[in-house]
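Reader: I would like to know what stands behind the labels used for this model. Please give the value and the criterion each time.

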Amino acid sequence: MFNNKVLSQQGHSTFFKKAFNLTFKSSQVFDSMAKFSFFEAKTKENQRSRAEKGHVYLIGAGPGDAELLTLKAYRLIQQADVVMYDWLVNPDIINMIPSNVERIFVGKKCGNHSMKQGDICELMVEVAQTGKNIVRLKGGDPAIFARAGEECDILAAHQIDFAIVPGITAASGASAYAGIPLTHRECAQSVRFITAHLKSTKAEPNWSAIVKGAKGAKDNGETLVFYMGLKRIHTIMARLEEHGLSLETPVAVVDQASTAQQRVCVGTLRDIAAKVDAENFQGPAVTIVGEVVNKRHQVNLSLLSKTSHTVTA
């Protein structure tokens, strides 16, 4: 209640300013509360929507040896509803999938894809939208030449939660099991991973930059590791020569790295392609270029084997 005293003009002004500010602030509060309620409802709606969808785990199966699979990868495989796997995944790892888990082969082999990448992405979304949890099992590491970026894009676009579990990449597996270091303080301060698909001249890498790094200084060179280059070994060596890499540069090709079928062929830029042709490698293979090849040591792979016979790389 207002008192009966007559308010001065200034008093009236002050009173109405305070009243107006109070009303305005109250309006702001209610408006903010309404907006909060709206966004809270939308958040809960999105959470419900996501909860109704399955999750996707992009998992690296490693370079070949099934025992190089990580513990986390193994646990998630056991908990999955569906496993979608590539050709590069060791059959011993496939055998670890429980019998009640659905298996879908989406084989991706050079020149022989059972499914196109776009179809694989669509299938992942369709299955996840049914509420099933998916393990997308890839050879090596999912983030290195394994199309993980494209798959993450489509999962994010459809608001499907996902996680990535790294695996040992082919370069590391080949390096360890063949006894070839990828870096060495005497000759290689860095390493470069290069995809060797070379589908067209426009898609080829910057050979000048690659050779510049590989040549380097005596103690500051760069090791080159080419993925998926077995069928293009002649082209790769020719490109490196054309751009100035010495024909005497050491090169090693490691076929089926870290498996019982692993074979290693060592030569130089001049003769490695002919040597590989004579070996009749089956792939997958990685090609290691640089002085680190001369730092190779024989590793006793029987120390890693379940059997007692001696095997050397």
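Reader: Which residues of helix α2 are buried, and what makes them count as buried?

Author: This is a predicted model, and in α2, residues 71-79, the buried ones are Ala 73, Leu 76 and Ile 77. Buried means under 20% relative accessible area.

Reader: How do you know on which side of α2 they are?

Author: Their arc around the axis is only 105°, which places them on the same side of α2. An α-helix has 3.6 residues a turn, so residues three or four places apart point the same way.

Reader: What covers the buried residues of α2?

Author: The cover includes the strands β1 (56-60), β6 (134-138) and β7, and also α3 (91-94).

Reader: What makes β3 and β7 edge strands?

Author: The open sheet has 5 strands in the order β3-β2-β6-β1-β7, paired in parallel. Both β3 (102-105) and β7 have a single partner strand, so one side of each lacks a neighbour in the sheet. From one strand to the next, the twist averages 20°.

Reader: How do you know that β2 and β3 pair?

Author: Pairing needs at least two bridges. Strand β2, residues 82-85, is joined to β3 by 4 bridges, so the two strands count as paired. Tyr 85 has Phe 105 of β3 as its bridge partner.

Reader: Why is a set of residues called a nonpolar core?

Author: The name applies because the residues are buried, belong to a list of nonpolar types and are joined through side-chain atoms within 4.5 Å. The largest such core has 24 residues, and those with the most contacts inside it are Leu 224, Phe 226, Met 237, Leu 240, Val 253 and Val 289. At least two residues of this core come from each of α7 (207-215), β9, α8, β10 (250-255), α9 and β12. Another core, of 18 residues, lies apart from it and has Ile 59, Tyr 85, Val 89 and Ile 97 among its members.

Reader: What does Leu 224 touch?

Author: Leaving aside residues up to four places away in sequence, Leu 224 touches Arg 192, Ile 194, Ile 210, Ala 214, Leu 240, Thr 287, Ile 288 and Val 289.

Reader: What makes the bond from Gly 283 to Pro 284 cis?

Author: Its omega is near 0°. Pro 284 belongs to the loop between α9 (272-279) and β12 (285-289).

Key:
Residues numbered from 1 in each chain as written. Predicted model: local features only at pLDDT ≥ 70, side-chain atom pairs only at ≥ 80, totals over all residues. Heavy atoms only, no water. Buried < 20%, exposed > 50% of the residue type's maximum accessible area, 1.4 Å probe, protein only. Arc of directions from axis to C-beta. Contact = heavy atoms within 4.5 Å. Axes fitted to C-alpha atoms, helices over the stretch in contact; angles between N-to-C directions.
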